[in-house]
Amino acid sequence: SGSLAALIGVEIAADEQWQATLRDWARVVRDGGVIIIVDRGHPHEASRRALCGGLSEIEQRHAGRAVITSGLVSHL
């Protein structure tokens, strides 16, 4: 718990249990660490879920057909 500096996850935009998934990912990343999400398409949904999941300083970029969304974890 809280031991990772970063975590790379995939397909959060298509995950029906995305809230629980993001909560689990954030739990293992230290305060100020980064979660990087790789999705196929759905850029708006990926950024919305990252914001609703509590990530801050959201950045998004495209790499071919993949959408890379990243944000900082803040344990308040």
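Student: In which element is the place of Glu-57?

Tutor: The model is predicted, so local features need pLDDT of at least 70 and side-chain atom pairs count only at pLDDT 80 or more, while totals for chains, interfaces and linings use all residues. Residues are numbered from 1 along each chain as its sequence is written, and side-chain values use heavy atoms, with hydrogens and water left out. Helices (H or I, at least four residues) and strands (E, at least two) are DSSP runs, numbered from the N terminus. By this assignment, Glu-57 has its place in strand β3.

Student: Is Glu-57 buried or exposed?

Tutor: Buried means under 20% relative accessible area, exposed means over 50%, and partly exposed lies in between (1.4 Å probe, protein chains only). The relative accessible area of Glu-57 is 59%, and therefore this residue is exposed.

Student: What is the phi of Glu-57, which is not a glycine?

Tutor: Most residues other than glycine have a negative phi. Glu-57 is not a glycine, yet its phi is positive, at about 50°.

Student: Where does Glu-11, which also has a positive phi, lie?

Tutor: The phi of Glu-11 is about 55°, although this residue is not a glycine. Glu-11 counts as partly exposed because its relative accessibility is 31%. Its position is the loop between β1 (4-10) and α1.

Student: What pattern does the protein follow along the sequence?

Tutor: The protein contains two helices and four strands. Read along the sequence, these elements give the pattern β-α-β-α-β-β.

Student: How many bridges join strand β3 to strand β4?

Tutor: Two strands pair if DSSP finds at least two bridges between them. Strand β3 covers residues 56-63 and strand β4 covers residues 66-72, and the two run antiparallel. In this region, His-62 stands opposite Val-67 in β4. The number of bridges joining β3 to β4 is six.

Student: Which residue takes a positive phi in the hairpin of β3 and β4?

Tutor: The hairpin has two residues between its strands. A positive phi near 70° is taken there by Gly-64.

Student: Over how many bridges do β2 and β4 pair?

Tutor: Strand β2 comprises residues 29-40 and pairs with β4 in the antiparallel sense. Ile-36 stands opposite Ser-70 in β4. The pairing of β2 and β4 extends over seven bridges.

Student: Which residues does Thr-21 touch, not counting residues up to four places away in sequence?

Tutor: Thr-21 lies in helix α1, residues 18-28. This residue counts as buried because its relative accessibility is 17%. Contact means heavy atoms within 4.5 Å. With residues up to four places away in sequence not counted, Thr-21 touches Ile-12 and Asp-15.

Student: With which residues is Arg-49 in contact, leaving aside its neighbours within four places in sequence?

Tutor: Arg-49 belongs to helix α2. Its relative accessible area is 12%, so Arg-49 is buried. Apart from neighbours within four places in sequence, its contacts are Ile-12, Ala-13, Ala-14, Asp-15, Trp-18 and Leu-22.

Student: How many Å apart in space are Cys-52 and Gln-19, C-alpha to C-alpha?

Tutor: Cys-52 has its place in helix α2, residues 43-52. Cys-52 counts as exposed because its relative accessibility is 52%. In sequence, Cys-52 and Gln-19 are 33 residues apart; in space, C-alpha to C-alpha, the separation is 8.4 Å.

Student: How many Å apart in space are Val-28 and Gln-17, C-alpha to C-alpha?

Tutor: Val-28 has its place in helix α1. Leaving aside neighbours within four places in sequence, Val-28 is in contact with Ser-1, Gly-2, Ser-3, Leu-4 and Leu-7. Val-28 and Gln-17 are eleven residues apart in sequence, and C-alpha to C-alpha they are separated in space by 18 Å.

Student: What radius of gyration does the protein have?

Tutor: The radius of gyration is taken over C-alpha atoms, and the globule rule is 2.2 Å times the number of residues to the power 0.38. Along its principal axes, the C-alpha trace spans about 30 × 25 × 15 Å. For 76 residues, a compact globule would have a radius near 11 Å, and the protein agrees with this, having 11 Å.

Student: What percentage of the 76 residues in the protein is buried?

Tutor: The individual residues above include buried Thr-21 and exposed Glu-57. Over the 76 residues of the protein, the buried share is 34%.
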